[in-house]
Amino acid sequence: MISRRDFIKKTVIGVAGASIPVAALELLTPRRLRAEKEDKSRVRWVFLVDTYKCVGCGMCVKACKLENEIPYDANVTRTWVERYVTTKDGKVHADTPKGARDGFITSKIDLGTDGSLDIRKEDIDKAFFVPKLCNQCENPPCVQVCPVGATYQAPDGVVLVDRSWCIGCGYCIMGCPYGVRFFHPVYHTAEKCNFCYHRINKGLQTACVQACPFGARRIGNIKDPRDPVAKIITTERVAILKEEYGTKPQVYYIGLDKEVK
Amino acid sequence: MNNHVLRPLLVVILLVVLVLIVRAFYVPKSFGVHQRGYMYGWYRDANVEDWKKFKVKYQGTDYCKDCHAKNHETIMMTPHAIIPCEDCHGPAVDHPSDPAKLTIDKSRELCLRCHYPLAYPTSGRANIRGVDPEKHNPGMECSLCHNPHKPGLEGLK
């Protein structure tokens with residue numbers, strides 16, 4: 001015999017299940033899927049980083065935080081700059097103190113709680129800076145794992161977060177292989193670089209691109225054959241991060257090295 | 001049918017109706033499947049417009065050109081011309097109405113972002129003349145001697 005209490009309990013669970021959107025159960029024909037994938041928009045934002053040009057001044061990080069209202073002293077940032085130093089003994093040292101918000105104003109490598117490590121100039125084989133930001137993947141795993149549809153890919157390829165819809169479960173933060181997501185210290189919702197969506201849609205450069213004195217960062221539209229950034233990406237040697245994940249990242253790098261992950 | 005079947009059934013129907021009503025009001029009209037299908041394009045469409053309305057804060061160097069013509073002119077003839085004014089002075093937002101003045105950062109750290117000597121072979125940093133902050137006039141603001149808008153040595157104060 002089923003008790004009344006059990007019956008009502010099961011009913012509530014059943015109703016909750018039935019209330020997931022009917023649309024989510026609808027069957028998709030492959031043709032419709034393809035039609036949806038075929039872009040109606042003529043814009044697909046992409047990014048190009050030239051690591052040879054980057055001097056590690058961190059002006060991009062400062063500008064990003066101020067432009068996008070990321071609390072300045074909180075240890076989170078939408079973009080950051082990493083320093084890589086390879087020494088003659090084959091070791092790779094990497095750091096990004098405060099995400100390089102204040103640049104790199106010491107030769108000492110920041111080891112976090114283990115202090116720091118000064119490397120003599122003579123011991124350096126290779127050393128360079130690598131700016132990082134959201135890759136706006138063509139197949140974004142962070143979007144796949146969102147249970148409520150709060151993060152999504154806009155028609156122009158940029159992955160956005162709907163702050164009023166995010167429930168703060170953190171799946172997307174775990175799902176991103178590039179570690180670009182974090183919780184916003186004020187809104188407590190998932191936060192990430194969105195290529196300064198408010199700026200690029202007004203014809204402006206992103207804050208980081210505009211702040212870079214050396215042209216190490218550039219943004220472009222891969223669907224525009226006359227776009228200088230698109231031209232470089234399609235005709236020159238560029239690399240992407242963690243290609244093996246199949247996420248199809250859309251931030252391209254000139255001068256990437258195997259040490260960079 | 002018996003009462004003990006009908007009554008819970010009524011409860012169930014009521015619950016379903018209630019959830020549907022709440023859902024109809026709670027889920028916004030623009031929420032649904034968009035261009036990239038269910039996997040990547042299931043979202044509230046109005047949010048795209050919300051993001052477009054976010055406030056722009058960095059206005060760019062051309063914005064300063066008319067009012068601070070002298071500073072602009074000076075710096076444009078120097079190697080510091082490539083540095084946007086707002087990198088050193090912070091975002092203009094609605095300056096001069098709000099804020100009335102921009103910050104003037106005279107800290108040594110501002111200059112050392114580029115001028116701390118890091119001769120990294122394949123980085124542009126190696127091409128910028130560095131000064132060792134422990135030896136080059138320690139404790140004094142760089143702008144006591146150098147003019148940041150005219151960094152050439154003929155601009156020394």
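Predicted model: local features only at pLDDT ≥ 70, side-chain atom pairs only at ≥ 80, totals over all residues.
1. **Extent of the interface.** Chain A brings 77 residues to the contact, and chain B brings 53 residues. Together the two chains bury about 5800 Å². Carbon and sulfur atoms give 61% of that area. On the chain A side, Ile105(A), Tyr152(A) and Trp165(A) stand out: they supply 11% of the area that chain A buries against chain B, more than any other three residues.

2. **Polar content of the interface.** There are 26 residue pairs in polar contact across the interface, counting pairs with both residues at pLDDT 80 or more. Sorted by class, the chain A side that touches chain B holds 37 nonpolar, 19 polar and 21 charged residues.

3. **Salt bridges between the chains.** Four salt bridges cross from chain A to chain B. One to check by eye is Asp162(A) with Arg44(B), where the closest N and O atoms are 2.7 Å apart.

4. **Salt bridges overall.** Over all chains the count is 28.

5. **Asp50(A) and Lys53(A).** These side chains form a salt bridge at 3.9 Å, N to O. Lys53(A), at 40%, counts as partly exposed.

6. **Lys126(A) and Glu259(A).** The closest N and O atoms of this salt bridge are 3.6 Å apart. Lys126(A) sits in strand 6 (residues 124-132) of chain A, while Glu259(A) belongs to the segment after strand 12 (251-254), so the bridge ties together parts 133 residues apart in sequence. Glu259(A) is buried at 11% relative accessibility. Lys126(A) is partly exposed, at 28%.

7. **Lys52(B) and Glu49(B).** This salt bridge spans 3.5 Å, N to O. Both residues lie in helix 3 (residues 46-52) of chain B, three residues apart, or about one turn of the helix. Both are also partly exposed: Lys52(B) has a relative accessible area of 28%, and Glu49(B) has 41%.

8. Some salt bridges share partners. They join Asp73(A), Lys98(A), Arg101(A), Asp102(A) and Arg113(B) into one network.

Terms used
Residues numbered from 1 in each chain as written. Chains lettered and ligands numbered in written order. Heavy atoms only, no water. Contact = heavy atoms within 4.5 Å. Buried area = accessible area lost by both parts, 1.4 Å probe. Polar contact = N/O pair within 3.5 Å; in protein donor to acceptor, adjacent residues only side chain to side chain. Nonpolar A, V, L, I, M, F, W, Y, C, P; charged D, E, K, R; others polar. Buried < 20%, exposed > 50% of the residue type's maximum accessible area, 1.4 Å probe, protein only. Helix = DSSP H or I, 4+ residues; strand = E, 2+ residues; numbered from the N terminus.
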